[in-house]
Structures are given as structure tokens and as C-alpha cells.
Amino acid sequence: MGLYHTEDQAMLKDSVAPFLAENGSVKHLRALRDSKDATGFSRDLWSQFAEMGLNGILIPEAEGGLGLGHVEAGIVLEEIGRNLTPSPFLSTAVAAVEALKAASADLRSHWFPKIAGGEAVVALALEEGKKHNPAGVALKAERSGNGFKLTGAKNFVVHGHAADMLLVSARTGGAVGEEVGITLFAVPANAAGLTAEADRLVDSSIAARLAFEGVQVDADAVVGEVDAGWAVLNRLLGAGRLGASAELIGVGSGAMDMTFDYLKQRKQFGKVIGEFQALQHRAAHLYGEMEGARSIVLKAQQMLDNGDPRGEMFVSAAKAKAGKASNLAVREGVQMHGGIGMTDEYDIGLFMKRERALNEVFGDLYFHADKLASMNGY
Amino acid sequence: MTDLEAFRKETRAWLEANCPPEMRQPVKGDEDVCWGGRKWVFSSPAQKQWLEAMAAKGWTVPDWPVAYGGGGLTAEQTKILRQEMASLGCRSPLNSFGIWMLGPALLKFGSEEQKLHYLPQIARGEIRWCQGYSEPGSGSDLVSLQTYGEDKGDHWVVNGQKIWTSYADKADWIFCLVRTNKEDKYRGISFLLFDMTTPGVSTKPILLISGASPFCETFFDNVVVPKHQIVGELNRGWDVAKYLLGHEREMISGMGGDGGMASLGSFYADVLADNPVLRAEMAMFEVENLAYRAHSERFMDEWKTGRAHPAYSNLMKYVGTELNKKRHELVMAAGGSDALEWESARTNGGARPRAWLRTKANSIEGGTSEVMLNVVSKRILDMPGA
């Protein structure tokens, strides 16, 4: 297998790219933002995703999905990134589906059809602090009746106010910061005692702070094993991190292409500014950064799909590099656009905002570089 | 068993039978690397035996045609041979600019007579070649070169000076860019071959910051070069040179500097534990290194299947050489005062600082980083301007 897309994968891209350019473009994002839409994404578009079969991309064929892998999910996410499409695809169809693969048959048969059909949105309630810290779980789950009672708080829950189900990491044992003693729960959004305070983020998406005040769930809401939710969480995070990396590639490439077009049009000092070597060298360097990022993301996708034991390390390298390169792309993008890049009317600023949010989700450049160092014994 | 599996089995058996045990030890110093040529003194009988065995098989240049001293292997077979050599730890039997650079140019531009004459000598390691490209006034702007060959009917008389000629003092022949028309900058250069023992050729090694002298100044004073020693057409040597430079950049990017996917930071865990900012720098390098390895793999996969942009090797050269310089900066920082020792036996004669200084040439030789960025910007990104 070569480190490039197969013909089937290229065909998938050829069908997703025009679909999103038509239905999920920056215009769509602006329309939602400017109308002060309270959901943060379009449920109609989510249904259209389902009609194309995209929501079931990672769901096994036997359970009604396409049974494809991270390379294919990444192709969809790159186009989402390039178009800045507001969508619950990453949290629901990628991260949540990956976690639910480890769930009981009951949970799977309940949620997979709803996800594949575009009827359900799943949000991830994993964070409690300002920075990504998946083991920093203080939210308590105590044995109660037939199940558990959840008490605590979560933040940065993207789509948390609009979701139908929440995947919640809770502590059933051990101490805050430990991987042992974490349990993952599938909590219906309408559970009693659960409240959501939604706020719009810098990129116009909407995230919620959730309060759990003795939320009662059945024992069969546990995804995976009690106290051993870390394994499932890790699987969820692997898919989520890699998915966010692919989306970052889309955001960075979109910003880069837009900037290169601008360099070829804008005239100053009687010249097209793309003729200036100072800008040419920065453009070429940026291109190299994005190409490197694209390569490591594809490599990590193939590794996860092949069950390569080095997958986790490469996912961290991919998230870090994708974050670093796409961050450069949006910064250079705004700078090279000059004054017009500072205007809301021009799209480049929207790429910068999206990049910031995506860099933060599932751990930023610094988190993953640090993780890589730790995994290498230093 | 498929043909390739059978080939792998035969190859392994042959290597096990013919590669002397000493030639399966890791390379420790310069004398372990065989460059061949008339002046070469083998460091051991095993080195000689290994070269002769591989040359007889055509496996010093496995993918060249048999008629030119090669093994006539397909790309898949060549890959298998390299894999089996790597797995047994076999040393390369022969390092040679003839194999890496002149050979590919002759295969593409040489006459049948030239191929039959020069290529087998290269394959057997009999003639060691050097490259005469750069001049004191023509580095990045190579095409401005001044070394001139005056037409004297059946021969040229060459006068001028080359610089950065790798191992010119050890080489037997030179492939050299010579101006044969002063009116046309690009179409006024010819690609000539001549013997370094021709009267009028002299060399002077250049002492580098690393303390080594791998490069020379090379002087030509009324050097007579017969007309049949031109490769390609008269005044079209720039085409050959460009092809070779592309080949060289592809080769450099394929090697991707020293060090592979293994973690660099893991070697310095004790130092990094006490130096958090250095640890952070190392961690960021680790990210870049893995990304580069994947980038390099993707480029090779795309290159071999015709998917890569023809100018892409310029990008890989830029990224790979800059990364290698960064690697050696970190090696020096992590090594601290130990890495400053220049002569001690316990530092293997200052191997680390010498290697560090050597890497500074990575982004200069074979096209500077700045020239690479020019090429990427114009040919791949299609930026406007001359």
C-alpha cells in the first residue's frame, strides 16, 4: 500500500467535495452566524450527510454503516475543514462511533441507526479544565439503585446543548489524574438533573458547560467496563484527534489556497505582490509545512486502520504537526492579505478562528508534543 | 512461491554465501567505506573480495542493464536486494559519484559507445569520478560559469577553475561543465569528461570548518579534451546538468539526512529531565522528524508511481536539509560541554562537533535552501515573475 489515496478514496473525495462546496460553504456558516441560529449547525445538512451515507462511514457494514476507516473519515473532514462547515460529524460520526464500537449490543443497536440516519447528534463531555486533560476527571459516578448517579461539571462540550446523547467520562474509582477508575457513560440529553449553558465560541460554533446534579443513569449506560473506561476513551480520542487533524489540514489548505490566489492578483508598487521574493519564500515554506502535515496525517490514518501499534504515537505527531502547519497557514493568510484580511467581510479571518478552536480540541500542539516526548521516555 | 519470493530466497542465500562477515559489521570510520578507483587502497582483503563479488554479479548497480555492467534487475528486485542487504547488515560494496550521478546522466544522454566504455568501469569501481560544477564566481548562479573550452578542431583546450569539487584529489576522471559558447548563457555550456592526469589539471584541498577536506579547488591550465569526450550535444550541457541536479536532490531527499524514525530525545533523557526548555525543543523536533519521515515516504511512493510534481524533489531537499541541521543543533545542545571536545579518543575525535559543522553545508550544496524555495514557489506554486 502506498502513502497516497486509493482510487476508491479519490472517488469519495470527488463526491464529498462538490457536495460540501454546494451545501456547506462559508456562506452557509455566515448565514447561521448572522441569523443568530441557536443550534450551531444545520439539522437539514446533517440529514443530507446521512442521505449520502457519510454518517455511517465508520459504523460496521453489519450494523448499517459503510464500514470504512480513518482515511475515508479524514477525507470527509478535510472537506468540512476547507469549507468551514459547521457540523457534528467529528464528534458524532467519528469520535462517538469509535467509542460505541466498544459498547454493548443494546447501546450500539440503539444509537448506530440513529447516527447513520442523521436523527441523532452525540456530544463529548470529557473536559473539566481549560486545557485538554482526559485523565483529569473529577465528575463523580456513584453506585445508585440499578445504576449510577453522576455529579459534577463538564465544559467545552461542543454541540452539548443540542445533542441527543452525551458521552461522559466519570470517576468511579482512583484519583483525579489517574487513568484507572474512569468510566464512560452514554447519557441521554434529557436526563433529569442535567443542565446545559450554551455559549457561542470564537469560530461561531456553540459549546456548552454542563452541570450534572445527581443525574441517574442505568447500569447499561456504561460504555465498555466500569473503572476501565480509559481504553474506550483512548480509542475515542485517537479517532477524534486524528479527525481534528484532518479537519485542520482542510482549514490550513483552504486558507493557503485562498492566500496564494490573492498573491497572484493583488498589485502594489506596480507589481503583482506574488512577484516579491520575500513573499514567495514564505509561501513556499508554508507549502512545505502543509505538505508535511498532510503526510503525517495520512500516515497515522493508515496506521490506525491497520491496527499498527505505533498508531497512538503517530496520531499525536499528526495532531501536533497539523496544528502547527495550519496555524502558520492562517497567520500567514491574514498577514499576506493585508488590511482586507482584518475585515469580517473577507473569509480569511474565519479560517483563523476555526483553526484556533480546532487546535484546542482533543489537545493542542503543545499537549501532543509533550505526549510524544513522554512516550519516547523523556 | 511467486517469482519475487523465489528471487528473495536466492538473493539471501547468495548474500549469506558471498558477503564476508567483516563486511556485515557496521561502518565505523571513513576507511570502511569503499570508493574504488585507481588510487584506492583496500582497507582489508574482505573489502576487496566483497566489491569483486558484487561487481561480478552486476549488483553494485543492480538496476543498470547487464551490458553496462549492471544486474539487469527490475525495480521490485532491486528493492528486495536492498532489503536483504539491510537485513543481513551488508555494507554497501561501493560508494561512487559515478554510480549516483554520472551513470544516470550517461544512461540518459550518453552515446552507445560511451555507455559501453564508461559504465562498466563505474560498476566495477575501477574509475573514481568527481564533479566539476561550481566556480568561485558561480555558486547558486551556476549558469554564469566561466571555465572555457576553446575549439581546436578535433579537441577543446580548457582553461579555468572549479571549486567544491568533492574528492577531486582522489578522483581519476572528472565530469565537468565547460563554456563552449560565450554568446549564449544557457545554450553555451557543454558536459565534458576528462582524465584528471591530463597535463594542466591540478587540485588543492580546501580545509573546512569541520577540520576535514572533502572538497578541492581544481585548476585547468590548457587542458586538452578530445571531442568524443562530450556527453549530449554541443552547447546543451545545461540540460544534462539540470537532469543531474534533479537526480541529486531526489537522492538527498530520499536519504533525508541522517537519523531515521527513532526518537532522538530518548538518547538524552537524563539531560532533558533537568532542562525543560531544551526538552520542549526536542519534543517539537520529534514532531517534525516523524512528519518528515512520513513526507519522505509519501514523496517516494508518489514519485515511483508518477504522481509527484516533477519539481517536488526541490521541496524535499529544502525540508530535509533544514531538519538535519536542526537535529545536529539539538545533539550539540544535549551533548553540552562533552560535545565541544574536538580531539579526544572518547569522543571519537570530536565526531559530534565535526558532524554538526558538516551539516551546515547540507542547505548549501546541491542548491541552497533559498534557491529551492525559488523553484518551489515558481514551478509548484506558480507564483508570477521571472
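Q: How many residues does helix 10 of chain A have, and how far does it reach from its first C-alpha to its last?

A: A helix here is a DSSP run of H or I of at least four residues, a strand is a run of E of at least two, and both are numbered from the N terminus. The expected span is 1.5 Å times one less than the number of residues. Helix 10 of chain A (residues 348-360) has 13 residues and reaches 19 Å, close to the 18 Å expected. After this helix comes Phe362(A), with a positive phi near 60°.

Q: Where do these numbers and letters come from, and what kind of model is this?

A: Residues are numbered from 1 along each chain as its sequence is written, and chains are lettered from A and ligands numbered from 1 in the order in which they are written. The model is predicted: local features need pLDDT of at least 70, side-chain atom pairs count only at pLDDT 80 or more, and totals for chains, interfaces and linings use all residues.

Q: Which residues of helix 10 of chain A are buried?

A: Count C-beta atoms, placed from the backbone, within 10 Å of the residue's own: 20 or more others means buried, 12 or fewer exposed, and in between partly exposed. Among the buried ones are Ile348(A), Leu350(A), Phe351(A) and Arg354(A). Their cover includes helix 2, helix 7 (229-263), helix 9 (311-337) and helix 11 (365-375) of chain A.

Q: Why does the span of helix 8 of chain B agree with its 29 residues?

A: At 1.5 Å a residue, helix 8 of chain B should span 42 Å, and its end C-alpha atoms are 42 Å apart, so the two agree. Just after this helix, Gly306(B) has a positive phi of about 70°.

Q: What does helix 8 of chain B give to the side of chain B that touches chain A?

A: Two residues are in contact if their C-beta atoms, placed from the backbone, lie within 7 Å. The contact between the chains takes 36 residues from chain B and 34 from chain A. Helix 7 (269-273), helix 8 (276-304), helix 9 (312-335) and helix 11 (369-380) of chain B each supply at least two residues of chain B's side. Helix 8 of chain B gives the most, 15 residues. By class, that side of chain B has 21 nonpolar, eight polar and seven charged residues. Nonpolar means Ala, Val, Leu, Ile, Met, Phe, Trp, Tyr, Cys and Pro; charged means Asp, Glu, Lys and Arg; the others, Gly among them, are polar.

Q: How is chain A divided into domains?

A: Domain bounds come from an automatic or database assignment. Chain A has domain 1 (7-120), domain 2 (124-227) and domain 3 (231-375). The C-alpha centres of domains 1 and 3 of chain A lie 21 Å apart. Their contact takes 20 residues from domain 1 of chain A and 26 from domain 3 of chain A.

Q: Which residues touch the most other members of the largest nonpolar core?

A: A nonpolar core is a set of buried Ala, Val, Leu, Ile, Met, Phe, Trp, Tyr and Cys residues joined through C-beta atoms within 7 Å. The largest has 149 residues, and those touching the most other members include Leu150(A), Phe185(A) and Val187(A). Helix 7 of chain A gives this core the most, 16 residues.

Q: Where is confidence lowest in chain B?

A: pLDDT is the predictor's confidence in each residue, from 0 to 100. Chain B averages 93. Its lowest mean, 77, is in helix 6 (residues 237-255) of chain B.
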